Amino acid sequence: MRPDNFTFKERKLFLEDVSIEEITKEIPTPFYLYSKASLDASCEAYMSNMDSSDLVCYSVKANNNLNILRNFVDKGLGFDVVSGGELQKVLKAGANPKKIVFSGVGKTSAELKLAADLDIYSINVESAFELKNIIDLNKSPRISFRINPDMEGDTHPYIETGKADCKFGMSEEEALLLAKQFSKEQINLVGLTAHIGSQITDTELYLELLAKLQGLASKIEALGHPIDHLDVGGGLAIDYEMQTNFDPSELVKKIKNKIGKYDLLLEPGRSVIAQAGVLITKVIGIKENGQRKFLVVDAGMNDLMRPSLYNARHKIENISSSENEDGIFSIVGPVCETADSFGDDFSISAKEADHLVIYSAGAYGSSMSSNYNLRLKPAEILVSGTNFSEIRKAESFEDTIQLEDI
Ligand code: LLP
């Protein structure tokens, strides 16, 4: 199985109506490649069952390409940002501040001021110290309390954010105390938000979370703070092996059935964009050491960090219609780290200069990339129908030194 819009025709892999091999003739590898049709379909899956006062705030950390953000603005999405940088970038893409929420455990005073000046939909407050910093601004921006729901998401510990001893959010007890301590005249508390974690496969957990937030919202309302929205975060899983489809529209329907009088807010990242994107790389060479055979490719952990950081397994295929017999390979990058590996035991046929596709790289690929080993960040290409366009140029060596002076 492959993500939607990726199909082999006469042994050539097409994205929508473009042969990826044709793109490699013009764009040097490695590069990220995205499908506009897939992005549009994910937006539609989230938006189709929402009401006009509900908001889908795409989580910008998954991928912050300006053109992609603009596409999401056009589709009516809002944005979940976690830094002044992300906030400025979505504004540059044309986002309406009234559709932006700002999350994160350590917002600086400058970031809080920027958000308050813009009068964004909600600053998601994660601690008592942050609430104090907001009160000190004397602006009374719309705020929500981010609750740590103390829930487990059956996911990698590094992307688990909803357990009691995680750094994110505040306990229900602390939220109630703060709501008691400060009056409606002192704080403009209008929502509650929580994020269970990432790669959530069991959508019943969202209903459990919703019930928690509804219970807390009525207690907070009784203290004189009218709550207008509940934000159940992001985190819906995708299947990196492409066996299961976690349908956002089913999730939205389920939550909408139960949400009652509140507006619904969601903050999806991965489920919007992961399967719409891939990383295209070339085999530099084949070697054997000890018991292992290696395909050494020109993409590395600096381009897609997930396998090294979380042991994540991304499906990889050869798109160069290789005639060789399948071998069992470890697929590794050129970076000087043993962890620079896309995984072992890939059964794949390949020869030098073949092109490989690494799937599910639309989310947390480019946005987590780095210049480690002074490698240059790859280009990003968007396919739409029979066309493709460069939505980010590949970095040049000059780009990497322009802020340094001798
Ligand atoms: N909202 C909040 C408050 C979050 O912390 C996150 C992700 C999201 C929304 C979006 O979650 P998503 O729908 O994308 O699962 N680098 C990791 C993922 C880290 C996610 C951190 N927070 C990875 O590559 O798996």
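Tutor: What follows treats the aromatic rings, then the cores, and lastly the domains.

This is a predicted model, in which local features need pLDDT of at least 70 and side-chain atom pairs count only at pLDDT 80 or more, whereas totals for chains, interfaces and linings use all residues. Residues are numbered from 1 along each chain as its sequence is written, and side-chain values use heavy atoms, with hydrogens and water left out.

Rings of Phe, Tyr and Trp (its six-membered ring) pair if their centres lie within 6.5 Å; planes under 30 degrees apart count as stacked, over 60 as edge-to-face and the rest as tilted. By this rule there are three aromatic pairs. One of them joins Phe6 and Tyr359 in an edge-to-face arrangement, at 5.7 Å centre to centre and with 80° between the planes. Phe6 belongs to strand β1, while Tyr359 lies in the loop between β18 (355-358) and β19 (379-384), so the pair ties together parts that are 353 residues apart in sequence. Helices (H or I, at least four residues) and strands (E, at least two) are DSSP runs, numbered from the N terminus. Phe6 is buried, with a relative accessible area of 3%, and Tyr359 is buried at 0%. Here buried means under 20% relative accessible area, exposed over 50%, and partly exposed in between (1.4 Å probe, protein chains only).

The rings of Tyr58 and Phe79 also form an edge-to-face pair, with centres 6.5 Å apart and planes at 85°. This pair links distant parts of the chain, as Tyr58 is in strand β5 (residues 55-59) and Phe79 in strand β6 (residues 78-81), 21 residues apart. Together with Phe72, Tyr58 and Phe79 form one aromatic cluster.

A nonpolar core is a set of buried Ala, Val, Leu, Ile, Met, Phe, Trp, Tyr and Cys residues joined through side-chain atoms within 4.5 Å. In the largest such core, of 92 residues, Tyr58 and Phe145 touch the most other members. Helix α8 (residues 204-222) gives the most to this core, with nine residues. Domain 1 (6-34 + 275-401) and domain 2 (36-271) both give residues to the core, so it lies between them. These bounds come from an automatic or database domain assignment.

Not counting residues up to four places away in sequence, Tyr58 touches several residues, among them Leu69, Phe72, Phe79, Pro268 and Ile273; contact means heavy atoms within 4.5 Å. A second, separate core of 18 residues includes Ile23, Val357, Tyr359 and Val383.

Two rings also carry a charge over them, a term applied if NZ of Lys or CZ of Arg is within 6 Å of the ring centre and within 35 degrees of the ring normal. The charged end of Lys107 is placed over the ring of Phe102, 5.7 Å from its centre. For Arg313, the charged end sits over the ring of Phe346, 3.8 Å from its centre.

As for the domains as a whole, the C-alpha centres of domain 1 and domain 2 lie 32 Å apart. Across the boundary, 23 residues of domain 1 are in contact with 18 residues of domain 2.
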